[in-house]
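Hi,

Here's the structure I said I'd pass on.

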Amino acid sequence: QLQLVESGGGLVQLGESLTLSCATSGASWKYYAIGWFRQSPGKEREGVSCLQIEDNSTHYIDSVKGRFSISRDDAKNTVYLRMNSLRSEDTAVYYCSADEHWMDARNFCLVQGGRLGYGSWGQGTEVTVSA
C-alpha cells in the first residue's frame, strides 16, 4: 500500500498561489487513484481534485475549476496540486489520499472523503488564506 507525505501548505494572502506536494512510496502506483481532499472546521471532508494514474484522467470540484491544477511527476512518484487565485473559502487542512483499483477519478473524489479507513491517507497540510 502506498505511503503518502504531503507538504507545501502555509499562510497566504487572497489571490496568491500555493503548490501542495504528495510524495508516494512503498508500492507501484500504476493502478491507483490519487487525490486531494480538504476539511475545514465544522465541515465534512471533500474531494477537491483527483487523478487516475493509469489513464491520467482528472476531476475537479466546481469551486476550484480554472484555479487549481493537479499534476504528477512519475520520476518522483509525486502528485502536485497547484492552487491559484486562492480564496478565503479554500482555507482548510488538505489531505492526500490514494487507493487501488479506482478506474474513475470523479468517483474516487466523490466517495473517498467519507472512507477514512480505506486506502492511504497522508497526515495533512494546512492552508490558510487571509484577507
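If you number the bonded cysteines in sequence order, they pair up 1-3, 2-4. Keep in mind that this is a predicted model. Searching the whole structure gives 2 disulfides.

One of them joins C22 to C96, with the sulfur atoms 2.0 Å apart. C22 sits in strand 3 (residues 18-25) and C96 in strand 9, so this pair ties together parts that are 74 residues apart in sequence. The link is left-handed, at -80° about the S-S bond, and both C22 and C96 are buried.

The other is C50 with C109, sulfurs 2.1 Å apart. This pair also links distant parts of the chain: C50 is in strand 5 and C109 in helix 1 (residues 105-112), 59 residues apart. Here the link is right-handed, with 100° about the S-S bond. C50 and C109 are both buried too.

Two other residues I looked at:

- S49 belongs to strand 5 (residues 46-52). It counts as buried because its relative accessibility is 0%. A polar atom of the S49 side chain lies 3.1 Å from the backbone oxygen of H59. Beyond its neighbours within four places in sequence, S49 has contacts that include W36, Y60, L81 and C109.
- Y95 is in strand 9 (residues 92-100). At 16% relative accessibility, which is under the 20% cut-off, Y95 counts as buried. Y95 and L20 are 75 residues apart in sequence, yet 9.7 Å apart C-alpha to C-alpha. Again setting aside neighbours within four places, Y95 touches E6, F37, R45 and W121, among others.

Cheers

Notes: Residues are numbered from 1 along each chain as its sequence is written. This is a predicted model: local features need pLDDT of at least 70, side-chain atom pairs count only at pLDDT 80 or more; totals for chains, interfaces and linings use all residues. Side-chain values use heavy atoms; hydrogens and water are left out. Helices (H or I, at least four residues) and strands (E, at least two) are DSSP runs, numbered from the N terminus. Buried means under 20% relative accessible area, exposed over 50%, partly exposed in between (1.4 Å probe, protein chains only). A polar contact is a pair of N or O atoms within 3.5 Å; within protein, one must be able to donate a hydrogen and the other to accept it, and residues adjacent in sequence count only if both atoms are side-chain atoms. Contact means heavy atoms within 4.5 Å. A disulfide is a pair of cysteine sulfur atoms within 2.5 Å.
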